[in-house]
Amino acid sequence: MYQSDKKSFEKAFWVLYPEVSGLEIAHFWKARFDQKSKFENFSIKKKDIFLVIISCLFAGFLIKLPQFFHIYITEDLFYERNAGLIALLGLSAYAFFSRQTINKIHVLITGFVFLISAIYINLLPTPALSYSIDLAYIHLPLLLWCMYGLVYIDFDLTDKRKRIDYIRYNGDLAVMAAIIIIAGGILTAVSFGLFSAIGINIEDFYLNWVILLGAISLPIVATYIVRTFPSVTNKIAPIIAFIFSPLVLITLVVYLATVLFTEGNPYNDRDFLIVFNLMLLGVMAIIVFSVSESSVSINKKVNSITLLLLTIVAI
(Lines give C-alpha, C1' and ligand atoms only; values in the text may rest on other atoms or scores of the structure.)
Protein backbone atom coordinates (compact mmCIF):
# COMPACT_ATOMS: atom_id res chain seq x y z
CA MET A 1 0.00 0.00 0.00
CA TYR A 2 2.82 2.40 0.85
CA GLN A 3 4.68 1.72 -2.40
CA SER A 4 1.54 2.19 -4.52
CA ASP A 5 0.54 5.56 -3.00
CA LYS A 6 3.07 6.93 -0.50
CA LYS A 7 1.41 10.28 0.20
CA SER A 8 -2.06 8.83 0.82
CA PHE A 9 -0.59 6.09 3.00
CA GLU A 10 1.28 8.59 5.18
CA LYS A 11 -1.75 10.84 5.48
CA ALA A 12 -3.95 7.92 6.50
CA PHE A 13 -1.35 6.69 8.96
CA TRP A 14 -1.33 9.94 10.92
CA VAL A 15 -5.14 9.84 11.07
CA LEU A 16 -5.10 6.29 12.47
CA TYR A 17 -1.99 6.63 14.64
CA PRO A 18 -3.80 7.57 17.90
CA GLU A 19 -5.73 4.28 17.67
CA VAL A 20 -2.69 2.07 16.88
CA SER A 21 0.03 3.90 18.81
CA GLY A 22 0.44 0.94 21.17
CA LEU A 23 1.50 -1.43 18.41
CA GLU A 24 5.18 -2.05 17.71
CA ILE A 25 4.68 -1.75 13.95
CA ALA A 26 3.15 1.71 14.50
CA HIS A 27 6.35 2.81 16.25
CA PHE A 28 8.32 1.68 13.21
CA TRP A 29 6.22 3.69 10.77
CA LYS A 30 6.20 6.76 13.03
CA ALA A 31 10.00 6.68 13.27
CA ARG A 32 10.24 6.29 9.51
CA PHE A 33 7.96 9.23 8.76
CA ASP A 34 9.56 11.41 11.47
CA GLN A 35 13.00 10.84 9.98
CA LYS A 36 11.65 11.49 6.49
CA SER A 37 10.04 14.76 7.58
CA LYS A 38 13.36 16.02 9.01
CA PHE A 39 14.84 16.09 5.52
CA GLU A 40 11.67 17.17 3.69
CA ASN A 41 11.13 20.13 6.03
CA PHE A 42 14.75 21.16 5.92
CA SER A 43 15.35 24.63 4.57
CA ILE A 44 18.54 26.63 4.35
CA LYS A 45 18.09 29.85 6.27
CA LYS A 46 19.42 32.98 4.60
CA LYS A 47 20.61 34.28 7.96
CA ASP A 48 22.79 31.21 8.53
CA ILE A 49 24.33 31.51 5.07
CA PHE A 50 24.96 35.21 5.67
CA LEU A 51 26.75 34.46 8.96
CA VAL A 52 28.91 31.83 7.25
CA ILE A 53 29.86 34.29 4.51
CA ILE A 54 30.68 37.06 7.01
CA SER A 55 32.84 34.71 9.09
CA CYS A 56 34.66 33.43 6.00
CA LEU A 57 35.29 36.98 4.74
CA PHE A 58 36.63 37.93 8.17
CA ALA A 59 39.07 34.99 8.22
CA GLY A 60 39.97 35.60 4.57
CA PHE A 61 40.73 39.26 5.23
CA LEU A 62 43.09 38.34 8.08
CA ILE A 63 44.93 35.71 6.04
CA LYS A 64 45.50 38.24 3.22
CA LEU A 65 46.81 41.02 5.48
CA PRO A 66 50.38 40.93 4.05
CA GLN A 67 49.06 41.54 0.52
CA PHE A 68 46.48 44.17 1.47
CA PHE A 69 48.81 46.31 3.61
CA HIS A 70 52.19 45.32 2.11
CA ILE A 71 53.45 44.03 5.45
CA TYR A 72 57.17 43.31 5.30
CA ILE A 73 57.11 39.61 6.11
CA THR A 74 57.45 36.59 3.90
CA GLU A 75 54.15 34.91 3.16
CA ASP A 76 55.36 31.46 4.20
CA LEU A 77 56.46 32.78 7.60
CA PHE A 78 53.19 34.68 8.06
CA TYR A 79 51.12 31.59 7.27
CA GLU A 80 53.31 29.39 9.45
CA ARG A 81 52.79 31.68 12.42
CA ASN A 82 49.21 32.81 11.93
CA ALA A 83 47.26 30.28 9.84
CA GLY A 84 46.10 28.20 12.82
CA LEU A 85 45.41 31.32 14.87
CA ILE A 86 43.28 32.88 12.12
CA ALA A 87 41.35 29.65 11.46
CA LEU A 88 40.44 29.28 15.14
CA LEU A 89 39.63 32.98 15.42
CA GLY A 90 37.28 32.62 12.43
CA LEU A 91 35.59 29.63 14.09
CA SER A 92 35.25 31.58 17.35
CA ALA A 93 33.75 34.54 15.50
CA TYR A 94 31.27 32.26 13.72
CA ALA A 95 30.30 30.70 17.08
CA PHE A 96 29.60 34.15 18.53
CA PHE A 97 27.79 35.41 15.42
CA SER A 98 25.43 32.43 15.34
CA ARG A 99 24.19 32.87 18.92
CA GLN A 100 20.94 34.56 19.81
CA THR A 101 22.61 36.59 22.56
CA ILE A 102 26.29 37.46 22.76
CA ASN A 103 28.02 37.66 26.13
CA LYS A 104 30.29 40.70 25.93
CA ILE A 105 32.59 39.43 28.69
CA HIS A 106 33.15 36.18 26.79
CA VAL A 107 33.90 38.14 23.62
CA LEU A 108 36.42 40.35 25.46
CA ILE A 109 38.17 37.35 27.05
CA THR A 110 38.38 35.54 23.71
CA GLY A 111 39.59 38.62 21.86
CA PHE A 112 42.22 39.31 24.52
CA VAL A 113 43.60 35.75 24.38
CA PHE A 114 43.81 35.81 20.58
CA LEU A 115 45.35 39.30 20.54
CA ILE A 116 48.07 38.40 23.06
CA SER A 117 48.75 35.16 21.17
CA ALA A 118 49.07 37.03 17.86
CA ILE A 119 51.47 39.58 19.35
CA TYR A 120 53.56 36.89 21.01
CA ILE A 121 53.92 34.59 18.01
CA ASN A 122 54.72 37.42 15.59
CA LEU A 123 57.36 39.00 17.85
CA LEU A 124 59.39 35.80 18.05
CA PRO A 125 62.77 36.02 16.30
CA THR A 126 63.30 34.22 13.00
CA PRO A 127 66.50 32.17 13.31
CA ALA A 128 67.36 29.69 10.61
CA LEU A 129 66.76 26.73 12.93
CA SER A 130 65.20 26.84 16.39
CA TYR A 131 63.45 23.90 17.99
CA SER A 132 62.03 26.15 20.70
CA ILE A 133 60.28 28.41 18.19
CA ASP A 134 59.08 25.37 16.23
CA LEU A 135 57.51 24.08 19.44
CA ALA A 136 55.81 27.47 19.92
CA TYR A 137 54.36 27.16 16.41
CA ILE A 138 52.99 23.72 17.33
CA HIS A 139 51.65 24.47 20.79
CA LEU A 140 50.05 27.87 20.26
CA PRO A 141 47.29 26.42 18.00
CA LEU A 142 46.68 23.76 20.67
CA LEU A 143 46.24 26.48 23.29
CA LEU A 144 43.86 28.40 21.03
CA TRP A 145 42.02 25.16 20.24
CA CYS A 146 41.27 24.97 23.98
CA MET A 147 40.17 28.61 23.90
CA TYR A 148 37.82 27.86 21.02
CA GLY A 149 36.53 24.92 23.07
CA LEU A 150 35.48 27.36 25.79
CA VAL A 151 33.70 29.46 23.19
CA TYR A 152 32.03 26.36 21.74
CA ILE A 153 30.62 25.27 25.13
CA ASP A 154 29.70 28.89 25.94
CA PHE A 155 32.22 28.95 28.82
CA ASP A 156 30.10 26.41 30.73
CA LEU A 157 32.71 24.32 32.56
CA THR A 158 30.18 22.67 34.88
CA ASP A 159 28.49 20.53 32.22
CA LYS A 160 30.89 17.72 31.33
CA ARG A 161 28.64 16.53 28.50
CA LYS A 162 29.44 19.71 26.60
CA ARG A 163 33.14 18.82 26.74
CA ILE A 164 32.42 15.44 25.17
CA ASP A 165 30.21 17.18 22.61
CA TYR A 166 33.16 19.40 21.71
CA ILE A 167 35.46 16.42 21.20
CA ARG A 168 32.80 14.67 19.14
CA TYR A 169 32.32 17.83 17.10
CA ASN A 170 36.04 17.84 16.25
CA GLY A 171 35.74 14.32 14.86
CA ASP A 172 32.73 15.25 12.76
CA LEU A 173 34.55 18.40 11.64
CA ALA A 174 37.62 16.42 10.56
CA VAL A 175 35.53 13.96 8.54
CA MET A 176 33.47 16.69 6.87
CA ALA A 177 36.60 18.75 6.14
CA ALA A 178 38.21 15.73 4.48
CA ILE A 179 35.14 15.25 2.25
CA ILE A 180 35.19 18.93 1.28
CA ILE A 181 38.93 18.75 0.55
CA ILE A 182 38.40 15.80 -1.79
CA ALA A 183 35.60 17.64 -3.60
CA GLY A 184 37.73 20.80 -3.73
CA GLY A 185 40.66 18.84 -5.14
CA ILE A 186 38.48 17.51 -7.95
CA LEU A 187 37.19 21.03 -8.69
CA THR A 188 40.77 22.38 -8.75
CA ALA A 189 41.97 19.68 -11.14
CA VAL A 190 39.02 20.27 -13.47
CA SER A 191 39.52 24.06 -13.36
CA PHE A 192 43.24 23.80 -14.17
CA GLY A 193 42.51 21.41 -17.02
CA LEU A 194 39.73 23.51 -18.55
CA PHE A 195 41.68 26.79 -18.53
CA SER A 196 44.95 25.21 -19.65
CA ALA A 197 43.09 23.73 -22.61
CA ILE A 198 42.36 27.25 -23.88
CA GLY A 199 45.86 28.52 -23.10
CA ILE A 200 45.10 30.52 -19.93
CA ASN A 201 47.29 30.02 -16.85
CA ILE A 202 45.22 30.52 -13.70
CA GLU A 203 47.50 28.71 -11.24
CA ASP A 204 48.87 31.80 -9.46
CA PHE A 205 45.47 33.46 -9.13
CA TYR A 206 43.80 30.19 -8.12
CA LEU A 207 46.44 29.37 -5.50
CA ASN A 208 46.56 32.85 -3.99
CA TRP A 209 42.84 33.47 -3.85
CA VAL A 210 40.60 30.45 -4.38
CA ILE A 211 42.68 27.79 -2.61
CA LEU A 212 44.01 30.07 0.15
CA LEU A 213 40.63 31.61 0.98
CA GLY A 214 38.96 28.24 0.61
CA ALA A 215 41.42 26.63 3.02
CA ILE A 216 40.93 29.26 5.72
CA SER A 217 37.13 29.11 5.24
CA LEU A 218 37.05 25.30 5.25
CA PRO A 219 36.56 24.79 9.03
CA ILE A 220 33.77 27.39 9.13
CA VAL A 221 31.88 25.82 6.22
CA ALA A 222 32.41 22.32 7.66
CA THR A 223 31.10 23.52 11.04
CA TYR A 224 27.99 24.91 9.36
CA ILE A 225 27.34 21.56 7.66
CA VAL A 226 27.92 19.61 10.89
CA ARG A 227 25.48 21.85 12.76
CA THR A 228 22.88 21.85 9.99
CA PHE A 229 22.88 18.08 9.33
CA PRO A 230 23.60 16.59 12.79
CA SER A 231 21.53 13.45 12.15
CA VAL A 232 23.86 12.53 9.28
CA THR A 233 27.29 13.88 10.16
CA ASN A 234 27.49 12.75 13.79
CA LYS A 235 27.27 9.10 12.74
CA ILE A 236 30.23 9.15 10.36
CA ALA A 237 33.10 9.52 12.84
CA PRO A 238 31.92 6.68 15.16
CA ILE A 239 31.61 4.30 12.21
CA ILE A 240 35.09 5.20 10.95
CA ALA A 241 36.48 4.78 14.46
CA PHE A 242 34.80 1.37 14.79
CA ILE A 243 36.29 0.22 11.49
CA PHE A 244 39.81 1.42 12.27
CA SER A 245 40.03 0.47 15.97
CA PRO A 246 40.98 -3.21 15.33
CA LEU A 247 43.38 -2.15 12.56
CA VAL A 248 45.09 0.33 14.88
CA LEU A 249 45.25 -2.33 17.60
CA ILE A 250 47.00 -4.78 15.26
CA THR A 251 49.39 -2.07 14.07
CA LEU A 252 50.34 -1.06 17.63
CA VAL A 253 50.92 -4.67 18.71
CA VAL A 254 53.22 -5.23 15.74
CA TYR A 255 54.91 -1.88 16.40
CA LEU A 256 55.56 -2.68 20.07
CA ALA A 257 57.04 -6.03 19.11
CA THR A 258 59.27 -4.32 16.53
CA VAL A 259 60.41 -1.41 18.74
CA LEU A 260 62.02 -3.88 21.15
CA PHE A 261 64.62 -4.65 18.49
CA THR A 262 65.33 -1.05 17.51
CA GLU A 263 67.26 1.73 19.21
CA GLY A 264 64.46 4.30 19.15
CA ASN A 265 64.04 6.10 22.45
CA PRO A 266 61.30 8.70 23.08
CA TYR A 267 63.40 10.17 25.92
CA ASN A 268 66.28 11.08 23.62
CA ASP A 269 64.62 11.48 20.21
CA ARG A 270 62.15 14.37 19.94
CA ASP A 271 60.66 13.16 16.65
CA PHE A 272 60.10 9.75 18.21
CA LEU A 273 58.37 11.42 21.17
CA ILE A 274 56.10 13.44 18.87
CA VAL A 275 55.05 10.25 17.06
CA PHE A 276 54.24 8.66 20.43
CA ASN A 277 52.11 11.65 21.43
CA LEU A 278 50.26 11.59 18.10
CA MET A 279 49.62 7.88 18.59
CA LEU A 280 48.11 8.50 22.04
CA LEU A 281 46.00 11.33 20.66
CA GLY A 282 44.74 9.11 17.84
CA VAL A 283 43.87 6.28 20.24
CA MET A 284 42.01 8.73 22.47
CA ALA A 285 40.04 10.01 19.46
CA ILE A 286 39.12 6.46 18.39
CA ILE A 287 37.89 5.63 21.90
CA VAL A 288 35.83 8.81 22.26
CA PHE A 289 34.21 8.53 18.84
CA SER A 290 33.52 4.80 19.25
CA VAL A 291 31.56 5.22 22.48
CA SER A 292 30.00 8.63 21.86
CA GLU A 293 27.24 7.58 19.45
CA SER A 294 25.08 4.82 20.89
CA SER A 295 22.75 4.69 17.89
CA VAL A 296 25.39 3.19 15.63
CA SER A 297 24.54 -0.47 15.13
CA ILE A 298 27.68 -2.36 16.09
CA ASN A 299 28.65 -5.33 18.22
CA LYS A 300 29.16 -3.50 21.50
CA LYS A 301 30.84 -6.41 23.32
CA VAL A 302 33.48 -6.93 20.64
CA ASN A 303 33.95 -3.18 20.34
CA SER A 304 34.41 -2.78 24.10
CA ILE A 305 37.03 -5.55 24.23
CA THR A 306 38.86 -4.03 21.26
CA LEU A 307 38.91 -0.58 22.86
CA LEU A 308 40.10 -2.02 26.19
CA LEU A 309 42.99 -3.84 24.49
CA LEU A 310 43.77 -0.75 22.43
CA THR A 311 43.95 1.38 25.58
CA ILE A 312 46.24 -1.09 27.36
CA VAL A 313 48.58 -1.40 24.39
CA ALA A 314 48.72 2.38 23.90
CA ILE A 315 49.60 2.97 27.57
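A disulfide here is a pair of cysteine sulfur atoms within 2.5 Å. By that rule, the count for this predicted model comes to 0 disulfides. Local features need pLDDT of at least 70 and side-chain atom pairs pLDDT 80 or more, while totals for chains, interfaces and linings use all residues. Residues are numbered from 1 along each chain as its sequence is written, and side-chain values use heavy atoms, with hydrogens and water left out.

**View 1. Two cysteines, C56 and C146, with their accessibility.** C56 is buried, at a relative accessible area of 13%. C146 comes out at 44%, so it counts as partly exposed. For these labels, buried means under 20% relative accessible area, exposed means over 50%, and partly exposed lies in between (1.4 Å probe, protein chains only).

**View 2. The largest nonpolar core, with 41 residues.** A nonpolar core is a set of buried Ala, Val, Leu, Ile, Met, Phe, Trp, Tyr and Cys residues joined through side-chain atoms within 4.5 Å. I86, F114, Y148, V151, Y169 and I220 have the most contacts inside this one. At least two residues each come from α3 (46-63), α5 (75-97), α6 (104-123), α7 (131-152), α8 and α9 (203-228). The top contributor is α5, with 12 residues. Helices are DSSP runs (H or I, at least four residues), numbered from the N terminus. Zoom in on Y169 and you'll find L91, Y148, Y152, T223 and V226 touching it, leaving aside residues up to four places away in sequence. Contact means heavy atoms within 4.5 Å. A second, separate core of 12 residues includes A237, I286, L307 and A314.

**View 3. L173 in helix α8 (residues 160-197).** L173 is buried, with 11% relative accessible area. Skipping residues up to four places away in sequence, L173 touches P219, A222, T223 and V226. T233 is 60 residues from L173 in sequence, yet their C-alpha atoms are 8.7 Å apart.

**View 4. Helix α11 (residues 236-259) against helix α13 (residues 300-314).** The two axes come within 10 Å and cross at roughly 35 degrees. Axes are lines fitted to C-alpha atoms over the stretch in contact, with angles running from 0 to 180 degrees between N-to-C directions. On the α11 side, F242, S245, P246, V248, L249, L252, V253 and L256 meet N303, T306, L307, L309, L310 and V313 of α13. Sorted by class, this contact has 11 nonpolar, 3 polar and no charged residues. Nonpolar here covers Ala, Val, Leu, Ile, Met, Phe, Trp, Tyr, Cys and Pro; Asp, Glu, Lys and Arg are charged, and the others, Gly among them, are polar.
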